[in-house]
Amino acid sequence: MPQVQSQSQKQVQKLSQVQIQAVNFLAMTNRDLREEIYKTVAENPALQIVTDPRRSSSIEKYSSASSGSAATDANQQALEAMENRGETLQQHLMEQLNLVKLSPDEYELSQKLIYNLDSNGCYGSMLAPETLLDKTRPAQNVKMLERCIDRIQRMDPVGTCCRTLEESLFVQAKIAGDASPLALFILDGHLELLSPPQPERVLKNLKEYLREWHSKKFAPKITLDEIALDEEVVASAIKYITSLNPRPAGEYISDTSQTDFLQPDIILSVEKKQGSVPADDFEKGIVTGGPDFHFQIKYANGELPEVQIAPDYSFDAKSVQKAKEFLHLLKYRQNSVILLGCAIVSTQKKFFINGRGNLVPLTRRQIAKQIGVHESTVSRMTAKKSNRRIDVMGELYPTSYFFVAGLADESSEAIKIRISELVGKSDTPLSDEKITKLLNEQGIKISRRTVNKYRNQLGISNSYNVE
């Protein structure tokens, strides 16, 4: 009897440790989990990494048994290569940014842009600059993003923070303000006309381009029609274009070491798919939508490496068992995140169909009850301080965005939008008391104090606090 009791206690203790580890995995960012994966693989010879998106689509299998020392040597070489290197592009741009007086939102957005530039100083390698916008901060909008990009483009070296190197040449010419109309025309998406860059050949290419353009029906006049084309004009344009810097970031080392901290930690993607489904299927990541569409919720692996048990390893049963437990924890995290996404989409369906302004009041306790986990587990996955995002058809939203307090049937987000609309439509500044009265007339029972809080969160100036 004592032996059975002791065995039972050990099993309960083991289960408790696994549960604790599982909860810890849910709280980890992708960056932290990536480090945990490499650490575990290095310690357990029964595990190996099959692919790693950050290194290549198919890497040589990495495990503690086969290539641990090689990985260590590679890491050491990388560290040595970083020593005594010159100023990085990011350092150079940040030094200039720190001299400019900016709002916290504009500074943060500019910093994100700078640390997401690739080795050419372009942002073309990122998903889209718009994904850097924080949807929970109304001040961060497309206009602010455009201002930030323009400011960085004008910094030294001129022409960074463009989509491509071709666009960089055009930006350099526009900022300099001394380019001829022909040079600007060629730089604005017509660089192929410079092949080969000989005046007589380029002149021929330009005339051929004009003929083809005007052979189209109803083709309007273009800039090229206003230019008196001859070899001298063309030669001058070619000379100007070749004087521009083809790689403005070339003399600097690219350093995206802060990218992991600044980039959103995307854990889920929500896509609208054609075809209706009879019912929700959370296990498959499917949520019903309309009569002709449904939602597909997917776990976003991001840059997490793929791990498996080494097929040829069977020397140590204990190591194999630990490897299986580790893979189970990874799978548990994936399944839990998908369940969370399905529950959010199912509850906030109006938002996913109609967009912003359609959130309903939702608590973490409701979601926890729906997916059968403790409320603290949901809180760990959706903490406001985390950088976790859900990709909703190309737009990124913090996981905490979907949990909103409400008044009656209106969410705080919907009320904030109404306040913004009231202020925007009014010819004169509105006081908190006036906004409260207007909302009450629309059937939204809200206090002046709450209106004041929401107005401050929206960044609407105190100048509106007048009678």
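Two strands are said to pair if DSSP finds at least two bridges between them. Helices (H or I, at least four residues) and strands (E, at least two) are themselves DSSP runs, numbered from the N terminus. This briefing concerns a predicted model, in which local features need pLDDT of at least 70 and side-chain atom pairs count only at pLDDT 80 or more, while totals for chains, interfaces and linings use all residues. Residues are numbered from 1 along each chain as its sequence is written, and side-chain values use heavy atoms, leaving out hydrogens and water.

**Confidence**

- The chain has a mean pLDDT (the predictor's confidence in each residue, from 0 to 100) of 81, and 82% of its residues reach 70 or more.
- Over residues 1-15 the pLDDT stays under 50, and the model has one contact (heavy atoms within 4.5 Å) beyond four places in sequence for this stretch.
- Residues 66-85 also have a pLDDT below 50, with seven contacts in the model beyond near neighbours in sequence.

**The five-stranded sheet**

- Five strands form an open sheet with mixed pairing, in the order β3-β4-β2-β6-β7.
- Its edge strands are β3 (286-290) and β7, each of which pairs on one side only.
- On average, neighbouring strands of this sheet are turned by 25 degrees against each other, direction ignored; the axes are lines fitted to C-alpha atoms, for helices over the stretch in contact, and angles run from 0 to 180 degrees between N-to-C directions.
- Strand β2 (residues 265-274) runs parallel to β6, and five bridges join the two; V270 stands opposite V392 in β6.
- Strands β6 (residues 388-392) and β7 (residues 395-398) pair in the antiparallel sense over four bridges, and D391 has L396 in β7 as its bridge partner.
- β6 and β7 form a hairpin with two residues between them, and M393 in the turn has a positive phi of about 50 degrees.
- Helix α12 (residues 317-347) lies across β2, β3, β4 (293-299) and β6, and runs at about 150 degrees to β4.

- At the start of α6, the backbone nitrogen of K143 has a side-chain oxygen of N141 within 3.2 Å.
- Helix α5 is mostly covered, as eight of its eleven residues are buried; among them are L109, L113 and I114.

**Two individual residues**

- T40 belongs to helix α2 (residues 30-43) and counts as buried because its relative accessibility is 15%.
- A polar atom of the T40 side chain lies 2.8 Å from the backbone oxygen of E36.
- Not counting residues up to four places away in sequence, T40 touches L47 and F326.
- N301 is in the loop between β4 and β5 (306-309), and its relative accessible area of 41% makes N301 partly exposed.
- N301 and P53 are 248 residues apart along the chain, and their C-alpha atoms are separated by 9.5 Å.

Note on methods
Buried means under 20% relative accessible area, exposed over 50%, partly exposed in between (1.4 Å probe, protein chains only). A polar contact is a pair of N or O atoms within 3.5 Å; within protein, one must be able to donate a hydrogen and the other to accept it, and residues adjacent in sequence count only if both atoms are side-chain atoms.
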